[in-house]
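Here are my notes on this one, as numbered points. Have the model open while you read.

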Amino acid sequence: MIKLLVDSASDCRNGAYSYDHYIPITLNLGGSEYQDGVNLDSDTFYQLLTQSDGFPSTSQPSPQAFLDVFEQVQADGDELICFCLSSALSGTYQSACMARSMTGYDGIHIIDTKAATHMIGILVEFAASRIAAGDSTEEIVRQCEALRSKIRVYAGLDTLEYLYRGGRLSRTSAAVGSLAGIKPVITVTAEGQVAAVGKCLGRNKAIQFLMDKLKASDLDERFPVCSLYSCGTENCHRLEERLAEAGSPAARRLQIGPTIGAHIGPGAFAVLFVEK
């Protein structure tokens, strides 16, 4: 059988995705250590985040965490497709590769998704559909790697300070987040990096920026348009109203979990879609 593994940066626990194995990423907040999705859910995380004076930090899973799953898969005689958070954002992919080399088992297939949060969920959902259709593991991996280049996400933030503190943006790039009333817009690039792509005066302008990106795209209607939020749904609701008016209503509203939320902060809202 073909099994699917995700790490917690995929936020697959915050969506209706089918997978078999889950590897949590560790978060440190307020001097306490948590396992994303194990002893920390999204709502509790954002409550702690807004009440804490410090900034959260994340650390990648150890190779041993992957090795435990890989050895189980090997013992069962199954194959595994492992979807990892972008290697440009975390060492999770490297940990998985190290664990695979320790098994020497050819049935382990590791994908550097060059993606984050529900972008990965789209890949996992697609892989599950291809398993049901009877495709081979190699063919599913090939199709997923081709699909990744077509997945788009644009997110409006209240500030870039969290990304800067987490080492995901330079001080110069993050400076826009300190300007009063400015809502930065970010994306995940083809290389799997986080990049600031716009600075908008106020939420409405930021939503319009997201809408312009959507309207300029040739949507693949096999995949849903999704709205995303970190903490608080007011901004997300406004975005959904605009999506509906434009004839591209959000099929799903999905929450961004602690692993990614630690770097974007509360109040974020995003649109996620797939191009042809």
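1. Helices α8 and α9 are oblique to each other, a label for angles left over once those under 35 degrees are called roughly parallel, over 145 roughly antiparallel and 65 to 115 roughly perpendicular. The angle between α8 (residues 203-215) and α9 (residues 234-245) is about 45 degrees, and their axes are 10 Å apart. Axes here are lines fitted to C-alpha atoms, for helices over the stretch in contact, with angles running from 0 to 180 degrees between N-to-C directions. Helices (H or I, at least four residues) and strands (E, at least two) are DSSP runs, numbered from the N terminus.

2. Before going further, the ground rules: this is a predicted model, where local features need pLDDT of at least 70 and side-chain atom pairs count only at pLDDT 80 or more, while totals for chains, interfaces and linings use all residues. Residues are numbered from 1 along each chain as its sequence is written, and side-chain values use heavy atoms, with hydrogens and water left out.

3. On the α8 side, the residues in contact (heavy atoms within 4.5 Å) are Arg203, Asn204, Ile207, Gln208, Leu210, Met211 and Leu214, and they meet Glu234, Asn235, Arg238, Leu239, Arg242 and Leu243 in α9. By class, that contact has six nonpolar, three polar and four charged residues. Nonpolar covers Ala, Val, Leu, Ile, Met, Phe, Trp, Tyr, Cys and Pro; charged covers Asp, Glu, Lys and Arg; the others, Gly among them, are polar.

4. Two backbone spots to look at. Aspartate 11, in the loop between β1 (2-7) and β2 (21-23), has a positive phi of about 55 degrees although it is not a glycine. Aspartate 11 is buried, at 3% relative accessible area.

5. Lysine 114 also has a positive phi, about 50 degrees, without being a glycine. This lysine 114 sits in the loop between β7 (108-112) and α4 (118-132) and is partly exposed, at 32%.

Methods
Buried < 20%, exposed > 50% of the residue type's maximum accessible area, 1.4 Å probe, protein only.
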